[in-house]
Amino acid sequence: MARTLLIGNPQVTWREWLKEHRGGAELLCLDPADPVQFTPGLLNLTQGQKRVYSRFYGSVDPQRQPHVIVAAAAQALNVASDNLIVQTFAYRPSPVLRQTLALLSQLIRADRILIANGTDIDQSGFPVGPEQVELERALPPMVQHAQRKAQWLKLIEECERHTIDLRRVTVEGARFGSGRAMNADQRKAAGLASAVYVEVTGSTLLIVSDAEVEESTISLALDYAGCSKAVLAEPGLYRNLMCSFANQAGEDFGTGILLEIDWLSMRAQVLSTAVAPAPVKVLRLGSLRVDAQGRELGETRPWQV
């Protein structure tokens, strides 16, 4: 019984190594871009082929929300056994990713740390000395995209349509939903009558608008709201965002895609694997956008929406 931490890079894959060495160990996959293990954008703990824990991530970029990766590891460890393999994200040289790996190694208390040959990482500072391992080369990016597309299509087939009242849920993972919304009269007074949604969070003003907003209008709106910074977003940026339903305890129970927001009624149309009607308390929004054909449309910029 031992805990093993796997650290690789974008040029290699752990797939064949796991087939040969996993045995009966549980597997915690902390790589949101893995094209093989269930739906991309999720972090999963599996016993054999059975998923026993899952955490929504909403992106295929490990740098996007590294705190969620650490949180998922901590939560998964509550139900994992000591016979555990932890597969981390494909490492690219980055202070954030290096420090995230250091935190994971301390949290997991691994008995072994395996690092794939060719991984450009400082190997000092880990709780146990890393061992080098030779891995097979990863499939070309085009093939990995095709594998993920197949997973997206499978997910969409399992989804039902839901209508979510955004005034009755907590929104996580986006700028939207974290502040105080302006009503129609306030938007008019701020010179933003044409905007479909405006929200004030601290010193930042979020403006969701189809129409171009002039700099003079933004200055007027900032003065009215007492803000120093404005963030502009088109309504279309919210379409096709990966999303998840969670309960009051923060446990995910349905993964899907945000289809559309009716900004007048503040209701969202969502495709989700949850059974309707779903008791949604938290709506988690990711940054990755995926269309109905399973094509990845890219990531929104950090806190753009």
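Author: The model is a predicted one, and a search through the whole of it finds seven aromatic pairs. One of them is formed by phenylalanine 176 and tryptophan 263, whose rings stand edge-to-face, 5.6 Å centre to centre and with 80° between the planes. Since phenylalanine 176 lies in the loop between β11 (170–172) and β12 (180–181), while tryptophan 263 lies in the loop between β17 (252–262) and β18 (267–272), the pair ties together parts that are 87 residues apart in sequence. Phenylalanine 176 and tryptophan 263 are both buried.

Tryptophan 263 also pairs with tyrosine 197: the ring centres are 5.4 Å apart and the planes meet at 40°, so this pair is tilted, given that planes under 30 degrees apart would count as stacked and those over 60 as edge-to-face. Here too distant parts of the chain are linked, for tyrosine 197 is in strand β13 and tryptophan 263 in the loop between β17 and β18, 66 residues away. Tyrosine 197, with a relative accessible area of 7%, is buried. Together with Tyr238, the residues Phe176, Tyr197 and Trp263 make up one aromatic cluster.

Strand β13 (197–201), to which tyrosine 197 belongs, leads on to a helix, since the buried residues of α6 pack against β13, against β14 (204–208) and against β15 (229–233). In α6, which spans residues 215–225, the buried residues are Ile218, Ala221, Leu222 and Ala225. They cover an arc of only 100° around the axis, and therefore they lie on the same side of α6. This spacing can be understood from the helix itself: an α-helix has 3.6 residues a turn, so residues three or four places apart point the same way. Ser216 and Asp223, on the other side of α6, are exposed. Just after α6 comes glycine 226, which takes a positive phi of about 70°.

Apart from neighbours within four places in sequence, glutamine 304 is in contact with Leu206, Val231, Leu232, Ala233 and Leu237.

Terms used: Residues are numbered from 1 along each chain as its sequence is written. This is a predicted model: local features need pLDDT of at least 70, side-chain atom pairs count only at pLDDT 80 or more; totals for chains, interfaces and linings use all residues. Side-chain values use heavy atoms; hydrogens and water are left out. Buried means under 20% relative accessible area, exposed over 50%, partly exposed in between (1.4 Å probe, protein chains only). Helices (H or I, at least four residues) and strands (E, at least two) are DSSP runs, numbered from the N terminus. The arc is that of the directions from the helix axis to the C-beta atoms. Contact means heavy atoms within 4.5 Å. Rings of Phe, Tyr and Trp (its six-membered ring) pair if their centres lie within 6.5 Å; planes under 30 degrees apart count as stacked, over 60 as edge-to-face and the rest as tilted.
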